[in-house]
Amino acid sequence: MSGIRGLAKKLICLISMMINEFFAAFINKLLMAQLKPENATKPGKKLIYDKPKLFIFNQREKTMTKVTMTDLKNAHQSKQQLVPAIDALQRITTEAVGCVEDHERITSFSIWLQRFASKADDVIAQANLQYKNRPQNIIQAANTRLHKIPDEILLRQKKSQFATEAYEAQVFDLKHKGFNSGQIAKIVDDPGSEIERNRNEIIELNNEQEHILAFLADVPVFDIGLLKGTALETFLLQSTTE
């Protein structure tokens, strides 16, 4: 009877091992499917984080490329999903599964998941470092400029409004004095060109505002290239000469 029980226990262990191997293969296949082939073929690069964003490290410099807000959000999401799973796996004992081999595979799987959690920690640390070293003088200048733009837009709107009202008042007055349209056109300047110039400047100011907002929202990178075409473009020129 004891021999039959021993055989049954070994059979259960074998089936459990097969299930674990299948599960591990399935997870590996799923993750590999998320890798981008064009990144995998780049010389001197190594893909070390593949869900849901690939973080590429330079093998020579061992430094991470700039971390974006999307990268940071992905890293925090990975931590939120991985840490509870790792903690749960680490609490599983050999007695709970009834098989030493199964417990070893659970431990190995937990260690494998910890690699991804560690990569997420690296991303978060890099993001914190980038934010600590952010270009505070440029950020301050961007905020100052951002608060001036609405007043400049309003000024041009008022200029167009005053030019239109002044033109209409002069035309009205001359008509009541008996002047015809041809005569009025020779006396009073049409404000159309001034209004068009103000309209174009307002469009440029709105575009500048969008660029500055994009720069300030680009945490933790703060890519000064986003300031191209703005009044702050001098900072971009300075960075290229340094």
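Let's start with helix H3. It covers residues 69-90, so to speak 22 residues, and reaches 31 Å from its first C-alpha to its last. That is close to the 32 Å expected at 1.5 Å a residue. The expected span here is 1.5 Å times one less than the number of residues. A helix is a DSSP run of H or I with at least four residues, a strand is a run of E with at least two, and both are numbered from the N terminus.

A word on the model. It is predicted: local features need pLDDT of at least 70, side-chain atom pairs count only at pLDDT 80 or more, and totals for chains, interfaces and linings use all residues. Residues are numbered from 1 along each chain as its sequence is written, and side-chain values use heavy atoms, with hydrogens and water left out.

Back to H3. Which residues of H3 are buried? They are Asp71, Leu72, Asn74, Ala75, Ser78, Leu82, Ile86 and Leu89. Buried means under 20% relative accessible area, exposed means over 50%, and partly exposed lies in between, with a 1.4 Å probe and protein chains only.

Now the whole chain. The protein chain has nine helices and two strands. Along the sequence the pattern reads α-α-β-β-α-α-α-α-α-α-α. Of its 242 residues, 29% are buried. The accessible surface is about 16500 Å², and carbon and sulfur atoms hold 57% of that. Those areas come from the Shrake-Rupley method with a 1.4 Å probe; for residues, only the protein chains shown count as cover. On to contacts, meaning heavy atoms within 4.5 Å. Take the contacts with a separation of 6 or more: 60% of them involve residues 24 or more positions apart.

Next, salt bridges. The rule is a side-chain nitrogen of Lys or Arg within 4 Å of a carboxyl oxygen of Asp or Glu. Side chains of opposite charge can pair when their charged atoms come close. How many does a search of the whole structure find? Six salt bridges.

Asp121 and Lys79 meet through their side chains, 2.8 Å from N to O. This pair links distant parts of the chain: Asp121 sits in helix H5 (residues 100-132), Lys79 in helix H3, 42 residues apart. Asp121 is partly exposed at 35% relative accessibility. Lys79 is partly exposed too, at 23%.

Another one: Arg156 with Glu201, where the closest N and O atoms are 2.6 Å apart. Again the pair links distant parts of the chain, with Arg156 in helix H6 (residues 136-176) and Glu201 in helix H8, 45 residues apart. Is Arg156 buried or exposed? Buried, with a relative accessible area of 18%. Glu201 counts as partly exposed, at 26%.

Then a local pair. Glu196 and Arg199 form a salt bridge, with the closest N and O atoms 2.4 Å apart. The two are three residues apart in helix H8, so about one helical turn separates them. Glu196 is partly exposed at 36%. Arg199 is partly exposed at 43%. There is also a network: salt bridges that share partners join Arg145, Glu152 and Glu208.

Last stop, the loop between helix H8 (192-217) and helix H9 (233-241), where Pro220 is placed. A cis peptide bond joins Val219 and Pro220, with omega about 5 degrees. Phe222 is in that loop between H8 and H9 as well. Phe222 is not a glycine, yet has a positive phi of about 55 degrees. Phe222 is buried, with a relative accessible area of 7%.
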